[in-house]
Amino acid sequence: MPRHLVTIRDVAQRAGVSTSTVSHVINGTRFVSPELAERVREAMAELRYQPNAVARSLRRRETLTLGMVVPDNANPFFAMMARAVEDTCYRQGYSLILTNSEGDLGRELANINVLVAKQVDGLILAAVGLGSRDLQRVLRQVPTVVVDRELSGIQADTLLVDNFDGGYQATRHLIELGHRRIGCITGPSVTTPSAERVTGYRRALSEAGLPYEETLVVRGDFQFAGGYEGAQALLSLPQPPTAIFACNDLMAVGAIAAAAALGRRVPDDLSVVGFDDTILASYVTPALTTVAQPIADIGRLATEMVLQRVQAPTDPPVRRVLPTRLVIRQSTRALVDDGR
Ligand code: RIB
C-alpha cells in the first residue's frame with residue numbers, strides 16, 4: 001500500500017489555516033503571524049510533512065542544485081576541489097551532483113546532458129581538455145564555469161591557475177640547486193595545464209643557458225603509472241637526469257617509486273618536483289617539493305562564480321587566473337658534484 005503522501009492541504013486542515021498560509025510559512029514568501037506559523041509547524045511535525053522539492057523546483061524554476069564534471073575524482077586534486085565546491089554549495093543552501101568523465105570526451109558530454117536534464121541551476125566543468133561543437137551547444141543550456149583547463153571556442157566563465165609560472169619556478173629551483181640535466185614527465189597532451197607547465201620548464205632552461213633536450217621529456221598521463229614509467233625511461237638513459245620535474249603530484253610519487261625500484265635514493269641520487277600540492281605531497285616519503293595550486297580557493301571561487309552567473313546570465317564571460325607557489329620540502333637537494 002503506497003505510503004499516503006502528506007500534502008500542503010493536509011497540513012492546512014490540521015492547522016486550521018489556508019494552503020497559501022502553509023506555503024508562505026514553508027517558503028518564507030510572506031509574513032505570517034508567529035501564532036499561525038507555530039500552528040503550521042506543529043501540524044507539519046505531527047503529520048511528518050516533507051516539502052516536495054520537485055514541485056517547488058518546478059514552481060520556482062530552480063533546483064538549488066549544481067552539477068560538476070571532473071576527469072578523475074580519484075585524483076586527490078579533483079577530490080579536494082570537489083570538496084571545496086560541496087562545502088561552498090552547502091553554505092549557500094545548494095546540493096551538488098558530482099560526475100566523473102574518466103578523461104573520455106563522450107562520457108563528459110553524456111554526464112553534462114544528464115545534469116542538464118536534471119535541471120541543475122549551474123555547472124562546474126573541469127574538462128577533459130578539448131572544446132567541441134557538441135560541448136559548445138550543450139553548455140549554452142546551463143550557466144557554466146570552466147575550471148583548470150581552458151576550452152577553445154567556448155563562451156563561459158573560466159577559472160585557471162598560472163601553470164607557466166609554476167613550471168618555471170619548479171625548474172628554476174632545480175637549476176639553482178645545481179642540476180643541469182633535468183627530466184620532465186608531462187601530463188596528457190590535450191590538456192592546457194600540462195603544455196603551459198612544459199613551456200615554463202623550457203623558459204627556465206633557456207634563461208639558464210641550458211639546452212632543451214627532447215630525450216629528457218617523456219609523455220605522462222597525470223597518473224601514478226605514467227610517472228613510474230616515465231621515470232624508468234629517464235633513469236635508463238645513457239646519461240640519466242639528476243632531477244625530474246613531474247607535471248603533477250601523482251606522477252611525482254610514481255617517479256619516486258620508480259627511483260627506489262632502481263636503487264636510486266630521493267633526493268640523494270635524484271631530485272623530484274611535482275605540481276598540485278595535494279595531501280599526497282605531505283604524506284609521501286620524502287615529503288614532496290611541489291608547486292602549490294590554491295585548490296580550496298579554486299573550488300570556492302568556481303562555486304561563487306557559477307552562482308553569480310545564475311543571477312546574471314547575460315553578463316560578459318569572466319576569466320580569472322590564480323597564482324601558483326613553489327613549496328620546498330625534502331625531495332630536492334643540491335647536486336653533489338661527484339664527477340657524473
Ligand atoms: O593532478 C591532476 C592534474 O590535472 C592537475 O595538475 C590539474 O591541474 C589538472 O589539470
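Predicted model: local features only at pLDDT ≥ 70, side-chain atom pairs only at ≥ 80, totals over all residues.
Two strands are taken to pair if DSSP finds at least two bridges between them.

Strand β5 covers residues 157–161. On one side, β5 pairs with strand β4 (residues 144–147). The sense is parallel, and 3 bridges connect the two strands. Within this pair, V147 lies opposite L159 of β5. Strand β11 (residues 319–322) also runs parallel to β5, and 4 bridges join them. Here L160 faces V321 of β11.

Burial of β5 was examined next. Of the 5 residues in β5, 5 are buried, so the strand is largely enclosed by the rest of the structure. Both faces are covered. D157, L159 and V161 are buried on one side. T158 and L160 are buried on the other.

Two packed helices are described by the angle between their axes and the distance between the axes. Helix α8 spans residues 163–176 and helix α9 spans residues 192–207. Their axes come within 7 Å and cross at roughly 40°. The crossing of α8 past α9 is right-handed. On the α8 side, the contact is made by N163, F164, G167, Y168, T171, R172 and I175. On the α9 side, the contact residues are P193, E196, R197, T199, G200, Y201, R203, A204, L205 and E207. By class, this contact of α8 with α9 comprises 7 nonpolar, 5 polar and 5 charged residues.

Conventions: Residues numbered from 1 in each chain as written. Heavy atoms only, no water. Axes fitted to C-alpha atoms, helices over the stretch in contact; angles between N-to-C directions. Left-handed = near helix turned anticlockwise from the far one by under 90°. Contact = heavy atoms within 4.5 Å. Nonpolar A, V, L, I, M, F, W, Y, C, P; charged D, E, K, R; others polar. Buried < 20%, exposed > 50% of the residue type's maximum accessible area, 1.4 Å probe, protein only.
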